[in-house]
There are 2 protein chains.
Amino acid sequence: MRRVLAAEAAQYVGQRVRLAGWLFQLRRMGGINFLLLRDRTGIIQVVVGDPARLEVLAGLQAETVLQVVGTVVAEPRARLGVEVHDPVLSVLAPVTDVLPFEINKKILRPSLDVFLDNAAVGLRHPRKQSVFRLGAGLLAAFADYFVTHDFVQIRTPKIVAAATEGGANLFAVDYFGRPAYLAQSPQLYKQIMVGAFERVFEIGPAFRAEPHYTTRHINEFTSIDAEMGFIDGFGDLMDLLADLLRSVLEQVSRTHRTELDDVGLPLPRMDEVPVVKFREAQEIILRRFGEDCRRELDLSPQHERWLCEWAVQERGSEFVFVTHYPTSKRPFYTLPDPADPKHSLSFDLLFRGAELVTGGQRINDYRQLVDSMVARGIDPAGFAGYLEAFEYGMPPEGGFAIGYERLLARLTGAENIRETTLFPRDVNRLTP
Amino acid sequence: MRRVLAAEAAQYVGQRVRLAGWLFQLRRMGGINFLLLRDRTGIIQVVVGDPARLEVLAGLQAETVLQVVGTVVAEPRARLGVEVHDPVLSVLAPVTDVLPFEINKKILRPSLDVFLDNAAVGLRHPRKQSVFRLGAGLLAAFADYFVTHDFVQIRTPKIVAAATEGGANLFAVDYFGRPAYLAQSPQLYKQIMVGAFERVFEIGPAFRAEPHYTTRHINEFTSIDAEMGFIDGFGDLMDLLADLLRSVLEQVSRTHRTELDDVGLPLPRMDEVPVVKFREAQEIILRRFGEDCRRELDLSPQHERWLCEWAVQERGSEFVFVTHYPTSKRPFYTLPDPADPKHSLSFDLLFRGAELVTGGQRINDYRQLVDSMVARGIDPAGFAGYLEAFEYGMPPEGGFAIGYERLLARLTGAENIRETTLFPRDVNRLTP
C-alpha cells in the first residue's frame, strides 16, 4: 500500500489509506482519542474510538514515528478538511527518552541555548520548519535569478593559502603540515572567474574567526556571492542587486505562501531604494539624531539602525544604500572614486536595522591593484594566481556578497542570527 | 550606447552597435585584419580595413579587453552569420605580460600542472569554459530535481567537533584554541534533518585529508548529498538515484546543448541499471577476468573498471549498482542486512570505470546505532546532538552522496579530476 501524505488525504475520501509520520499530539476527549500525525506536508487528525485500539496509544510519547492505516472521512472542521477513522496503528520508531522540551505548542519555550543544544528535536517544530523551508526557497530563488541572468555557478576552494582581506580573523588549518586558512569569502576567486565567464555566482560557506559574540555574527555563514564584468559604473551593481532582491522576494511570495503565513511577518517591498553617500549619511545622523560622527571612518550598528529608521520614515523604504565608504576602511581590491580617492565606489545595503549586503566596483587595472596591495602592506607575491587574472585583461567589474542567515533573520523577525542557522558556530558553540 | 553581445549581433544587421570582450585572435590577410572578439556568448569577427585604424591594433596581445563600435553586416560564412565592419576600437584593459600559454587554439598544450598554476588564464579557453558551464548546468539540474521532489535544501556546518566516519583523514582546525575538524561529509547533519523535513539535500564542500595523489581524488570536493525518510527499503534509494541522474542528464541535454557539442562526448543513457551484490561482483570478476578476490572486503579500482566493462558488454549499461558491501568496511551508521548482518544494505553506483555515488539505508533504531558505534570503538558521548535525532523517533531512512567533480570528469572524458575542478586542492597544491 503506497504511503499517502497528509496533504493528499482529501483525494481519498471513503478509502483506506496508509499514512506515516510523527505523533504530534494526543488529545483525549471523553472516551475518544484524537491523534495528530505530522508528516512533511502537514498535520492530520486521526480519531481512535475503538477501545481495543487505545491500548497501542498507552504510553506513546510525542515524536513517536507511526504508521496509520485508516479510512479518510470528510470533516470540514479539521485542518485539512478530512480526518482518519478506524485506524490500525503501528510504531515504526519509538521515542526512548523524555523530550527536552515540548515542540507541539505554538510557541517554543526553551532559551536559545537550550534550543540549539537540542536542535535535532527543536528543528521539528512546525514554525521552525517554516523558517528554514522559507530559507531554502530564498536559496532557490537566488540561484534561479542568477541562472536566468547569465551568471555561471562556480565552486571555489574553502581551504586557501592566504587571507582575502588582509590577515585578521582567519581560522588556521593544518594542511599536510603546511599553514593554510579557511576562506573568509570567495572574493578573489570570483574576480578571477569574471575573466572567463563575465558573470559568476557562488553560494557557499564562509568563515570568520571573529572572537566576539553578537546577535548578528556567526563564525561560519552562507555567503551569496555575485560578480559581474563589463559594468559601466558601480550603479550597475546596485541596480542588479535591487532587481535580484525584488525578484527573490516576489518568487518566494509565490512558492512559499504557507511558510510566510506561518512566519507571520509581511515581506518587505522593494520599490525605489534611497541612496545616500557615506558623508551624507553622517550628516543625516547629526541633523536627525544629534550625534556628530562626521570624523569617523565607518558606521556603527547604532548609526545603521538610525539610517534605517530615517529611510522608513522619510523615504518609505526598509532598504537604504549607503555608498562611497572611506577607501581606507575597505579591502585592497576596492576601487577608489577617481573624483575623490579618499572615498570608494563601494556600497552597503542596509535593511531593517543593519548591513545586509556589501559590494562595490573593484580595481581592474593590474598596476593600480598591485599598488593598492603594497600601500596596505600586503605582499603581491602571495597573490600571483589572483593577479594573473588582471595582468591578462580584466574588464571593469564588481560584485557583492549577501549574508544568507542574516537575510533570513531579518525576513522572519528573528532577534538572533542563530535562530536562522540550523547548527550555528560561534566562539562558544561547536556542537551539535 | 547599450552593450550588444556577440550572440545578439545578428539582430542588428545594418546598425552601429557597441560590443565588448577579449581579443581572441588577430588574423592578418593581405591589407585586412580580422579580429576575433570573445564575450560570454561567443566569438564574433571584426573586419579592420581602414589603415588608420590598424595602428590601434599594433602590438595588441591576445586577451586584451576591447570595446568595438561598428556596423553589423550579414556574412553567411562567419560563425554567427554576421561580422562587424568599420570598427572604432578602444582598449578597456591592456595585457601587461606575455601569456603563459596560448588559449586561442583548439587544443590546450600545457601540462596539467602548468595549466593549474595559471588557471586564471587557462580557464578562459572556450572548451574549458564549456566544461565548467556544463558543470553549472548539472548543479542547477540536481537542485531543480530535489526541489520538485520535496527535498528541502539545508546548509550544515563545515567546522565540526568530531569525525563523521571514524577518525582518519581529517583536517584539523584551530577553533578559538579548541580542536575542531573540517567536515568529511554532511552525513550526520543530513540524517538529523530527516527528522524535521523527511527529505533534504545539500550541495557543498567536503574535505578529506587523504595524503595520496591519484587522478580521481582531491582533498576538497563538492558533495551532492541527499537523505530521505520513510523508505520501504534501500531499493527506494537506488530508484531515487537512478531517476535523479536520468532527469539531470535529460535536463542538461536540453539546457547545455552547445557546451555538450563543444565537449564532444555523448551523454550516457540511463535505462535499466544492472544491480549486482558485492559477492556476485566478485564472482563475475573471477569468471570473466580470472582474478579471485572473493576473500577481499572491498573492490579495488581495477575491480571497479572490470565491473564497468562487464556492465557495458553484458547489459549495455555504463552504470552498474553494486550492493551489500561488507558491513565492516562501511561506516557505523550503515544498516546491516537483517538476513545477513555481515553484509549491509548499502550500494555504490559505478560509472565509466569507477565509483560515482555511495549510499545506503541507515540504522534508524537508537539502540542499534549506539551499539554499532561502541562496536567500532566510537564513543557515543561525542555524538549526543546526532543521537538525539534517533532517541526521539527517526523513520527508516537512507541517502547517498555524489561527487560532483568526479561526475563532471566522467561526463567530459577528463582523465584527471583536477581538470574538472576550478582550483583543485591536493597534497601538493594549495594555490591558486
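Predicted model: local features only at pLDDT ≥ 70, side-chain atom pairs only at ≥ 80, totals over all residues.
**Figure 1. Overall make-up of chain A.** Chain A contains twelve helices and 18 strands. Along the principal axes, its C-alpha atoms fill a box of roughly 85 × 55 × 40 Å. Of the 432 residues in chain A, 51% are buried.

Figure 2. The domain assignment of chain A gives domain 1 as residues 6-93 and domain 2 as residues 126-420. The centres of domain 1 and domain 2 of chain A, taken over C-alpha atoms, are separated by 47 Å.

**Figure 3. The contact between chain A and chain B.** On the side of chain B, 79 residues are in contact with 79 residues of chain A. Helix α4(B) supplies seven residues to the side of chain B that touches chain A, the largest share. Sorted by class, this side of chain B has 47 nonpolar, 13 polar and 19 charged residues.

**Figure 4. The crossing of α4(A) and α4(B).** This view shows helix α4 of chain A, residues 126-148, together with α4(B). The axes of the two helices come within 12 Å and cross at roughly 140°. Helices α4(A) and α4(B) are therefore oblique to each other, since an angle counts as roughly antiparallel when it is over 145 degrees. Their crossing is left-handed. In α4(A), the residues A:A140, A:A143 and A:V147 meet B:A140, B:A143 and B:V147 in α4(B). The residues of this contact between α4(A) and α4(B) comprise six nonpolar, no polar and no charged.

**Figure 5. The packing of α4(B) against α6(B).** Within chain B, helix α4 (residues 126-148) packs with helix α6 (residues 235-255) at an angle of about 130°, and their axes lie 9 Å apart. This angle makes α4(B) oblique to α6(B). Helix α4(B) passes α6(B) in a right-handed crossing. From α4(B), the residues B:L134, B:G137, B:L138, B:A141, B:F142, B:D144 and B:Y145 take part in the contact. Their partners in α6(B) are B:L244, B:S247, B:V248, B:Q251, B:V252 and B:T255. By class, the contact of α4(B) with α6(B) has eight nonpolar, four polar and one charged residues.

Figure 6. Residue B:R246 is found in helix α6 of chain B. It counts as partly exposed because it has 15 C-beta neighbours inside 10 Å, whereas a buried residue would need 20 or more. The view also includes B:M270, which is 24 residues from B:R246 along the chain. The C-alpha atoms of B:R246 and B:M270 are separated by 5.8 Å.

**Figure 7. The covered helix α5(B).** Helix α5 of chain B spans residues 187-197 and is mostly covered, with eleven of its eleven residues buried. The buried residues of α5(B) are B:Q187, B:L188, B:Y189, B:K190, B:Q191, B:I192, B:M193, B:V194, B:G195, B:A196 and B:F197. Just after α5(B), residue B:E198 takes a positive phi of about 70°.

Notes: Residues numbered from 1 in each chain as written. Chains lettered and ligands numbered in written order. Axes fitted to C-alpha atoms, helices over the stretch in contact; angles between N-to-C directions. Helix = DSSP H or I, 4+ residues; strand = E, 2+ residues; numbered from the N terminus. Parallel < 35°, antiparallel > 145°, perpendicular 65-115°, else oblique. Left-handed = near helix turned anticlockwise from the far one by under 90°. Contact = placed C-beta atoms within 7 Å. Nonpolar A, V, L, I, M, F, W, Y, C, P; charged D, E, K, R; others polar. Domains from an automatic or database assignment. Buried ≥ 20, exposed ≤ 12 C-beta atoms within 10 Å, placed from the backbone.
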